[in-house]
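Biologist: Could you walk me through this model before I start looking at it on my own?

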Amino acid sequence: MSGLVNSTNAPSESDEALPGAADNGPSGVSPLAPYLLGLADDVMVYAQRLSEWMTNAPQIEEDMALGNIALDLLGQARALYPYIGSIDGTGRGEDDFAMLRDERDWRNVHLVEQERGDFADEMARLLWFSAYQVELQTALTGSSDDVVAGVAGKALKEVRYHLDHASLWVVRLGDGTPESHRRMQAALERVLPHLAELFDDDEASLTAAGLGVGVLPSSLHDAVVARVSRVADEATLTLPDGSPWRSRGGRAGIHSRPLGYLLAEMQHIARSHPGATW
Amino acid sequence: MAVAVDSALAQAISRIPDPEVPVITIAELGILRDVEVDEQAHTVVVTITPTYSGCPAMEAIASRIAFEAHQQGYAADVRTQLSPAWTTDWMTDEGRAALQRFGIAPPGPAATGESRGPVAVSLSRHVVACPRCGSTDTTEIAHFGSTACKALRRCTACLEPFDEFKAI
């Protein structure tokens with residue numbers, strides 16, 4: 001737990017002030033690249049985390065379900081990375097982004113990098129992240145950038161289904177046995193510190209929103225909370241009011257302990273065998 | 001879809017089976033969006049769209065198209081297009097019938113917007129007929145099936161489990 005708490009000690013209201021913020025690789029040709037990298041890294045890291053459930057879920061159908069959701073998210077990331085490489089002046093491809101960047105170069109929120117916890121923890125995270133994604137992708141279908149709007153139009157159909165899936169489980173567990181209710185409620189409380197970061201307006205999102213390409217994360221907050229609240233009500237659960245602490249820093253490359261381990265597992269084949277193809 | 005059916009190459013490409021559901025062709029599935037054959041230059045530009053963002057069959061389909069073109073002496077340029085996003089409404093009637101014969105319930109009409117009310121309260125989403133006995137007395141076993149595009153159901157009348165092609 002201390003690792004997670006320590007990660008929030010970065011002195012940051014401004015992402016600019018964070019150490020590492022200047023180490024974002026040789027990007028900078030397009031002012032949009034940092035924003036799109038945040039979107040892509042969120043789904044790439046969560047795809048990797050979700051895929052851990054295969055062979056570990058409570059039933060084989062759930063192995064398939066979470067594996068399929070991970071696959072959708074991976075596809076969303078793959079659609080964005082080459083585009084980012086084409087506008088940030090580096091010409092990097094999807095493998096360069098996914099397999100050859102170190103922890104400080106990743107721009108995902110802490111929520112998606114946290115260890116998977118128990119099944120209720122994952123359903124709490126999936127519920128929040130999918131609700132966020134539904135609102136985000138809905139807004140991005142109106143992006144002035146054709147690629148971003150196209151990826152969003154595709155992703156929206158997928159994340160609605162993810163939200164459906166998470167909602168079903170949260171209702172089933174919350175409105176289930178006393179034990180499942182207790183554990184689902186505890187999971188809603190454990191995920192809480194990692195939610196605020198989803199809705200922070202950093203410089204990258206302010207820039208992207210100003211150009212009509214992105215959306216301000218803060219503008220999604222109320223609708224996301226409303227979605228999750230309706231599910232929690234149906235599940236006889238209580239959404240906790242607030243957390244005594246919150247994570248931050250992911251959008252500037254300051255991460256919590258689990259990301260390094262996740263990247264080590266995800267990247268080691270590519271790094272051990274540079275340039276290998278099949 | 002502007003597929004030139006008068007070209008032998010375009011016809012051959014449109015008849016390529018989907019690698020994961022081989023009873024249906026890529027044209028019947030609605031993922032083949034355009035074939036432009038240049039008979040003089042012996043080149044062909046083929047545009048395909050994925051069913052789901054992460055569909056692992058896309059690369060296999062692209063290389064099969066390139067192979068088919070090569071067989072007939074053409075160089076293929078296979079492009080992936082995301083927008084407009086694929087919908088099961090683009091599936092042809094022939095494709096739906098082929099799925100049905102294979103034991104996969106074809107997709108119903110795609111919902112526009114939310115797939116249902118704000119809160120998921122029930123495990124059964126909509127009426128799906130059993131592809132074997134035709135009974136509409138079926139229930140969902142799992143939200144996701146053997147591929148991203150399918151869910152798993154069971155017929156309460158004949159007791160057979162079956163795949164349902166999800167409407168999106």
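Modeller: What follows covers the two chains, the interface and a couple of residues. This is a predicted model, in which local features need pLDDT of at least 70 and side-chain atom pairs count only at pLDDT 80 or more, while totals for chains, interfaces and linings use all residues. Residues are numbered from 1 along each chain as its sequence is written, chains are lettered from A and ligands numbered from 1 in the order in which they are written, and side-chain values use heavy atoms, with hydrogens and water left out.

Biologist: OK, how many helices and strands does chain A have?

Modeller: Chain A has 11 helices and 0 strands, where helices (H or I, at least four residues) and strands (E, at least two) are DSSP runs numbered from the N terminus. Of its 278 residues, 56% are buried, a term that means under 20% relative accessible area, with exposed being over 50% and partly exposed in between (1.4 Å probe, protein chains only).

Biologist: And what pattern does chain B follow along the sequence?

Modeller: Chain B reads β-α-α-β-β-α-β-α-β-β-β-β, which amounts to 4 helices and 8 strands. Buried residues make up 47% of the 168 residues in chain B.

Biologist: What share of the contacts in chain A comes from residues 24 or more positions apart?

Modeller: Among contacts (heavy atoms within 4.5 Å) in chain A with a separation of 6 or more, residues 24 or more positions apart account for 80%. The corresponding value for chain B is 52%.

Biologist: Switching to the interface, how many residues are in contact on each side?

Modeller: On the chain A side 30 residues are in contact with 34 residues of chain B. The two chains bury about 2700 Å² between them, 60% of it on carbon and sulfur atoms; buried area here is the accessible area (1.4 Å probe) that two parts lose on being put together, summed over both.

Biologist: Which side chains meet in a salt bridge there?

Modeller: The count between chain A and chain B is 1 salt bridge, meaning a side-chain nitrogen of Lys or Arg within 4 Å of a carboxyl oxygen of Asp or Glu. Arg78(A) and Glu59(B) form it, at 2.9 Å from N to O.

Biologist: Which elements of chain A give two or more residues to that side?

Modeller: Those are helix H3 (60-87), helix H7 (146-174) and helix H10 (221-234) of chain A, and H7(A) gives the most, with 14 residues.

Biologist: I was looking at Glu158(A); which residues does it touch?

Modeller: Not counting residues up to four places away in sequence, Glu158(A) touches Asp72(A), Gln76(A), Tyr52(B) and Ser53(B), and it lies in helix H7 of chain A. Its side chain makes a polar contact with the side chain of Gln76(A) at 3.0 Å; a polar contact is a pair of N or O atoms within 3.5 Å, and within protein one must be able to donate a hydrogen and the other to accept it, with residues adjacent in sequence counting only if both atoms are side-chain atoms.

Biologist: Last one: why does Val224(A) count as buried?

Modeller: Val224(A) counts as buried because its relative accessibility is 0%. Val224(A) is placed in helix H10 of chain A, and its C-alpha atom is separated by 5.5 Å from that of Tyr132(A), 92 residues apart along the chain.
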